[in-house]
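Trainee: Could you help me learn to read salt bridges and burial in a protein model?
Mentor: Gladly, let's look together.

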Amino acid sequence: MAHLLGAEALSLEFPTRKVFDSVSLGIDEGDRIGIVGRNGDGKSSLLGMLAGLRRPDSGRVTVRGGVRVGVLGQADTLDDDETVGHAVVGDAPEHEWAGDARVRDVIAGLIADLLWEARLGSLSVGQRRRVALARLLAGDHDVLALDEPTNHLDVEAIAWLAAHLKSRWPANGGGLLMVTHDRWILDEVCTTTWEVHDRIVEPFEGGYAAYILQRVERDRQAAATEARRQNLARKELAWLRRGAPARTSKPKFRIDAANALIADVPAVRDTVQLQSLAVSRLGKDVVDILDASVAYGDRTVLHDVEWRIAPGERTGILGVNGAGKSTLLGLIEGSIAPSAGRVKRGKTVKVAKLTQQLDELAAFDADPVRVVLAGLRTTYTLGTGSRAQELTPSALLERLGFESAQLSTPVKDLSGGQQRRLQLLLILLDQPNVLILDEPTNDLDTDMLAALEDLLDSWPGTLIVVSHDRYFLERVTDQQYAILGGRLRHLPGGVDEYLRLRDAESSSRAPSSSSADDDAAGLTGAGLMGAGLTGAERRAAQKEVASIERRLAKLTGEVEGLHARMAEHDQGDYTGLARLTDRLREVEDEQGTLEERWLELSDLLD
């Protein structure tokens, strides 16, 4: 495998601390490398040195002759007066870029909803981010260095980006470096993970799930010198092995060793106990949204929403920007009144909302953190039953990654991630029983996200989360809803179902070339849910149902056969067991997809 670029004995020092000390590493053709680490440990600095944007204090970076490196930084460097089209393809004639399949894919995947001649100065932050990413991906680069590429992207754009990056490398022989806190895309795309910590860069094979497994094993062998960090990582591993992401991740490690590591780790949440405590704090009535609609002038944003929110419910909300997510949150917290229908709240409901802005901290700008804490309640109860703990605000801040020295830091001098954590602390210490989180993962690194998830696992109340961070959403919520066409829809299949529905929605808007295409489109998604089928459509649906049932019968037999083969297999042959396990997951994934399709068609035929 050919070498693309390498670093030899890199050192970097800031006035107050040393960031790297003699770091050596390299990137080969086909590498897709994710870079993780705590905020401030040097991830972006490492990316900058490797991309040639920052000079190390000592050491050197070598790039193979002819290798072109493209960089996406966190800063917005676009020219406000430039148009969308010119920003992406420059002065290239239309026949050139339109004839390039990769460029067409980038345009369709990221900026299809933007006007080609629109000025960049008229776009939102998220739209400008997509244009910057499209410009880079449309360019001719061998190595891409991406710094937080998922910032301001929604779930659909992130899913498209993952598919694009996976198909691009190693197909073109290039390489990828990506700094991101988005654990889903790390697991989906990366073949190697670099952890930046303590002035070194430590490599791990595989994506996020594989990295967590190896890190836990490393910490265990190091005799638990970082006990608190290890416990969080073990809990994260239990989620990865038992939760939804375990169906798609394929770490190349001993299955029995992984099971042994988490054998004594309980489920991430004691759902029954949390719900019982939530009922005692809230009563049986929380918020009932009854046939509610919301209109702004002539535009109706939400139509006939019916949702009875239960005590202890943990729900994620999905939807494109402008779909009505913020309006729905406003209905729940009471800041928005419905245009039709009504919203009923329980008498003991106390709603708190973590917003995307940090306005709540403005009053404390000049105050040190300890002064802010002095005016708060003295203790906070974390956990339930025998595992309940009484924590002081300082102890809770430590759980959220603050060091004792930072208690004397003025609020205005805290980093974005630290301010975000302090904002959450102020909300939790106010003891709400309904918590709304609007994009809570902004500015947080992967370790801090794990700490936040751990904190929420013990929070006994009703939780509503809006986030484009797919991993976080699936990790802290038990169910997901989506706003599609102004209506609230439950998603039994989670984020995957949402992406399928959005894809079907986009396909149904596209002009079809034949009546056969019309029939096929009519049987996808929710377009005909509840509508009458023509004779031809009904026969097509019945035929597909019969085909699915035959396929499911075959898959069931294959699953049983695979279980039998795994039981009889030589337990020392880890490679063989891994192949059987991978095949079992593929079959079970196909079963799940077919069962969901069978249910959709059955609803149509009823």
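Mentor: Let's begin with Arg 475, which is buried at a relative accessible area of 1%. Buried means under 20% relative accessible area, exposed over 50%, and partly exposed in between, using a 1.4 Å probe and protein chains only. This is a predicted model, where local features need pLDDT of at least 70, side-chain atom pairs count only at pLDDT 80 or more, and totals for chains, interfaces and linings use all residues. Residues are numbered from 1 along each chain as its sequence is written, and side-chain values use heavy atoms, leaving out hydrogens and water.

Trainee: Which side chain meets Arg 475 in a salt bridge?
Mentor: A salt bridge is a side-chain nitrogen of Lys or Arg within 4 Å of a carboxyl oxygen of Asp or Glu. Here the partner is Asp 457, at 2.9 Å from N to O. Arg 475 sits in helix H17 (residues 470–476) and Asp 457 in helix H16 (residues 446–457), 18 residues apart. Helices are DSSP runs of H or I with at least four residues, strands are runs of E with at least two, and both are numbered from the N terminus.

Trainee: Is Asp 457 buried or exposed?
Mentor: Asp 457 is buried, with a relative accessible area of 3%. Salt bridges with shared partners also join Arg 183, Glu 453, Asp 457 and Arg 475 into one network.

Trainee: How many salt bridges are there by this rule?
Mentor: The count comes to 30. One of them pairs Glu 156 with Arg 502, with the closest N and O atoms 2.7 Å apart. Arg 502 counts as buried at 14% relative accessibility, while Glu 156 is partly exposed at 21%.
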